[in-house]
Amino acid sequence: MSDFVHLHIHSEYSLLDGANRIKDLPVRAKELGMDAIAITDHGVMYGAIDFYKACKKEGVKPIIGCEVYVAPRSRFDKEPNVDNHYNHLILLAKNQQGYQNLSKLVSIGFVDGYYYKPRIDLEVLEKYHEGLICLSACLAGSVNQALLNGDDPKAEEIALWHKKVFGKDYYIEIQNNGIQEQVLANQKLVALARKLDIPLVATNDAHYLKKEDAYNHEVLLCIQTGKRMSDVDRMRFETDELYVKSPEEMTEYFNAFPDAIENTVKIAEECNVEFEFGNTILPNYDVPKEFETHYDYFKKLCDDGIKKRYGENPSQEILDRAEYELGVIKKMGYVDYFLIVWDFIHYAKTHNISVGPGRGSGAGSIIAYSIEITDIDPMKYGLLFERFLNPERISMPDFDVDFCYEHRQDVIDYVSKKYGHDHVSQIITFGTMAAKMVIRDVARVLDVPYAEADSLAKMIPNELHITIGKALEQNIELKQRYETDETVKKVLDIAMGLEGMPRQASTHACRSSYY
């Protein structure tokens, strides 16, 4: 393990606040001689899986965490100008139980505590603390806030509560971020930690990768808040120190507190979350009691469906195809998946809710056709089942189902009622800063006249997945302006630095997940 490990890092999924691209974090960690790094986005765990995979690819140990928002009172309290003043807290998963508890806390923050931000409270933190390491967070942490307000007894009370709950897994966090208040806070934090026998840990609250990225990050904050760089009242950090620093930089700054550096390594060694991919856990479909197994019921539906679709005496080719598909579906463990999809489509069709005929590779299944999940005959059109489900390519099957938009919610309500509201969720999607949009955003922030920004954006070809870099190669006029006009170069350079980052989260147009 390296001499220092970053435990407080914001990725691009701290939306319009973190400017660290997930793919770059483990690469930078390796460049700096670190073999572990954490992800601690604000209130969410959107990037956890991608971060884990990116770290594993680079041979860097991933530490899964979150900087949660803690409500000042109960997570259920939502009084204006009171309950929107939340505090920050860093939580890191030590093991699988810790990861599950962290996921639970983040979910509670959205389901129960959402008020401007997804908030938890001390009640659920105490209930789901097992397997978690807790750091006291940045200047927005409750201990820091009490100290900065001159309320040392309150800070002590808060720290002791967390020590009681987390025991040896609670750390007082000190930072090196170039903010004047932090210097004062560090002095008080060290004194508090020594007095209460709570270990120290050094972090840097990194929002961007390198020091030279600080300006781009300021622009990103302006995009988030709708401000311009010229606005005197805009949100700003007033520092260029919130980057992924080297172990040498961190060690030099905290040379008086070597234990704070050593504890980063200790914590990293204790965090050992491993994800398993490919083991899909499907919900249970309750079959009628007269059937011994789920497969027996499924086969009965299929046999009846084949006769309904192809007559009482279907050809041997049809029977063989059906038998083959049934075997693959059973072998790969997707019997319940077919039953669940059949169930809600059957519900729609029997309640006068229009359902599409089926799109995508699912239309290649004669079994799906027989039980009326789809309405396209794969035998007639020579459609291949293997494009949908193939034992040699382990992947979850995916039916693309279209419902009448006026009654789509009725189907979702039916599934929620049948399987439980806490077992049904709609899938998230992220709007990203595409080429034209990010140019307009950056130009606005830099006070570039609208006409000029519009002209630049329109020079980006209307092409799927186009990037500013590709546009510069394709459009000679755009490249000339980039090379000769300093303002254009500045706008496009910043835009390329931010291009493709998630801008906002929303509900996927028509997808739900059942578990």
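**Pocket and helix packing**

Author: The second largest pocket has 32 lining residues, and Asp17, His42, Tyr69, Lys117 and Gln224 lie nearest its centre. This is a predicted model, in which local features need pLDDT of at least 70 and side-chain atom pairs count only at pLDDT 80 or more, while totals for chains, interfaces and linings use all residues. Residues are numbered from 1 along each chain as its sequence is written, and side-chain values use heavy atoms, with hydrogens and water left out.

Reader: What makes a set of points a pocket, and what makes a residue part of its lining?

Author: On a 1 Å grid over the protein atoms alone, a pocket is an open set of points where a 1.4 Å probe fits, with protein on both sides within 12 Å along at least five of seven lines; lining residues have an atom within 4 Å of a point. The space in the second largest pocket is about 880 Å³. Strand E9 (residues 502-514) gives the largest share of the lining, three residues. Strands here are DSSP runs of E with at least two residues, helices are runs of H or I with at least four, and both are numbered from the N terminus.

Reader: How does the lining of the second largest pocket divide by class?

Author: The lining has 18 nonpolar, nine polar and five charged residues. Ala, Val, Leu, Ile, Met, Phe, Trp, Tyr, Cys and Pro count as nonpolar, Asp, Glu, Lys and Arg as charged, and the others, Gly among them, as polar.

Reader: Why is H11 described as roughly antiparallel to H12?

Author: The axes of H11 (residues 294-310) and H12 (residues 316-331) cross at roughly 155° and come within 12 Å. An angle over 145 degrees counts as roughly antiparallel, so H11 is roughly antiparallel to H12. The contact of H11 with H12 has ten nonpolar, no polar and three charged residues.

Reader: What makes H11 oblique to H13?

Author: H11 and H13 pack at an angle of about 50°, with their axes 10 Å apart. That angle makes H11 oblique to H13. The contact of H11 with H13 has eight nonpolar residues, one polar and one charged.

Note on methods. Axes are lines fitted to C-alpha atoms, for helices over the stretch in contact, and angles run from 0 to 180 degrees between N-to-C directions. Angles under 35 degrees count as roughly parallel, over 145 as roughly antiparallel, 65 to 115 as roughly perpendicular and the rest as oblique. Grid points are joined across faces, edges and corners, and a volume is the space filled by probe spheres set on the points.
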